Amino acid sequence: YHRVVDPEVAHALKMQDAMWTSCDTFRSDLEWMLDNGEIVDLDRILDFSSRNDRPLFSITFDDGWIDNYTNAYPLLLRYGVPATVFLVTSAIQTGNIFWVEDFLYKVAKIESEKDQLLAANALIAFCNSRNIRISKSLCGITRIAESFIEVIKVMPKKLRMDILQELYTELELCMDPIKGEVLTWEQINEMGDNGISFGSHTHTHEILKYTDRQTSLAELIASKAIIERETNKPVKYFCYPNARYNEKDADLIESVGYMNAFRIHNLPTTGQTDRYFVPRYLASEHMNKNKNYLLCRLLGLPRY
């Protein structure tokens with residue numbers, strides 16, 4: 001999971017489909033998992049020393065959004081089940097929203113159709129002038145903005161931020177980062193005292209696949225050290241940002257002291273799973289609302 005929010009909030013901010021689950025669907029997910037198996041922590045689901053009589057499920061959240069505390073946490077407490085949140089430590093320290101959502105949410109708040117059309121045309125012209133290749137078949141500022149985001153994600157950080165700064169000026173968007181959308185250390189420690197554990201999702205949400213070895217190492221070291229300092233608990237688990245990774249990442253992650261690393265691969269975890277590429281299922285409103293479809297996914301049935 002990423003965010004657990006009311007549909008009205010998700011639609012108002014035009015959240016990407018993969019990024020949110022409604023409170024009702026999350027509650028029904030918990031009930032469904034408990035009806036069909038057992039919800040356990042990551043330590044237990046990675047322990048293959050004994051046979052399980054029932055399916056085991058583990059719940060993880062990526063990024064560290066505020067609604068993990070306000071909406072998901074009360075439900076986890078109600079059902080008495082554990083979960084793990086993978087934190088982006090720079091966001092927790094500053095309170096700033098992530099650059100992807102910051103841009104998409106500000107674009108989503110452009111109100112009139114006229115202004116949306118002007119913004120869409122300006123974004124297309126901006127991309128053309130800088131040879132940023134976005135899909136030519138998309139309509140609407142939101143879809144065009146999403147295509148733009150996917151292209152610049154793979155760029156070096158400085159180049160990406162320079163481009164964003166130029167674009168914010170071009171579209172007359174406020175450059176001050178949106179705040180109040182991520183967890184605080186106070187909330188994290190309260191959750192940590194009540195069955196929720198925390199892992200690393202890098203320090204600044206840089207995609208390791210597109211960073212050099214020195215930068216990747218700094219991201220891994222900083223996030224682990226900060227979480228351990230703020231929570232006074234060891235950090236054993238890492239999660240790849242944006243579900244993108246290289247085989248080379250495993251050696252770096254192990255060298256820093258992480259016991260396991262997690263990706264999104266929509267496969268079950270087995271005893272043959274590589275401990276630095278543990279698969280998870282992407283959970284979202286779109287994926288999980290229909291429990292029959294969810295069951296088919298977990299069973300690995302083919303889709304036509």
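Predicted model: local features only at pLDDT ≥ 70, side-chain atom pairs only at ≥ 80, totals over all residues.
How many of the five residues of β6 are buried?

**Figure 1. Strand β6 and its burial.** Five of the five residues of β6 are buried, so this strand is largely enclosed by the rest of the structure. Strand β6 comprises residues 83-87.

Figure 2. Strand β5 (residues 60-63) pairs with β6 in the parallel sense, over four bridges. Within this pairing, T60 stands opposite T84 in β6. Strand β7 also pairs with β6 in the parallel sense, here over five bridges. In β7, S197 is the bridge partner of T84. Strand β7 covers residues 196-200, and four of its five residues are buried, so β7 too is largely enclosed by the rest of the structure.

**Figure 3. The nonpolar cores.** In soluble globular proteins, nonpolar side chains tend to be buried together. In this model, the largest nonpolar core has 84 residues. The residues with the most contacts inside this core are F26, I59, F61, F103 and F148. Leaving aside neighbours within four places in sequence, F26 is in contact with Y1, V4, T21, I59, F61, A72, L75 and L76. Another core, of ten residues, lies apart from the largest one and has L42, L46, L56 and F86 among its members.

**Figure 4. The packing of helices α7 and α9.** Two packed helices are described by the angle between their axes and the distance between the axes. Helix α7 (residues 113-129) packs with helix α9 (residues 157-171) at an angle of about 145°, and their axes are 10 Å apart. The crossing of α7 and α9 is right-handed. Helix α7 contributes A119, A122, L123 and F126 to the contact, and helix α9 contributes I163, E166, L167, E170 and L171. By class, the contact of α7 with α9 has seven nonpolar residues, two charged residues and no polar residues.

**Figure 5. The packing of helices α11 and α12.** Helix α11 (residues 213-231) and helix α12 (residues 249-256) pack at an angle of about 35°, with a separation of 10 Å between their axes. Their crossing is right-handed. On the α11 side, R213, S216, L217, L220, I221 and K224 take part; these residues meet L252, I253, S255 and V256 in α12. The residues of the contact of α11 with α12 comprise six nonpolar, two polar and two charged.

Figure 6. K106 belongs to helix α6 (residues 99-108). Is K106 buried or exposed? K106 counts as buried because its relative accessibility is 11%, and buried means under 20%. Not counting residues up to four places away in sequence, K106 touches E101, Y168, L173, C174, M175, D176, P177 and I178. K106 and V85 are 21 residues apart along the chain, and their C-alpha atoms are separated by 26 Å.

**Figure 7. Two residues with positive phi.** Most residues other than glycine have a negative phi. H205, however, has a phi near 65°, a positive value. H205 is found in the loop between β7 and α11. N266 has a phi near 55°, also a positive value in a residue other than glycine. N266 is placed in the loop between β9 (260-262) and α13 (285-288). With a relative accessibility of 34%, N266 counts as partly exposed.

Terms used. Residues numbered from 1 in each chain as written. Heavy atoms only, no water. Axes fitted to C-alpha atoms, helices over the stretch in contact; angles between N-to-C directions. Left-handed = near helix turned anticlockwise from the far one by under 90°. Contact = heavy atoms within 4.5 Å. Nonpolar A, V, L, I, M, F, W, Y, C, P; charged D, E, K, R; others polar. Buried < 20%, exposed > 50% of the residue type's maximum accessible area, 1.4 Å probe, protein only. Pairing = 2+ DSSP bridges. Core = buried A, V, L, I, M, F, W, Y, C linked by side-chain atoms within 4.5 Å.
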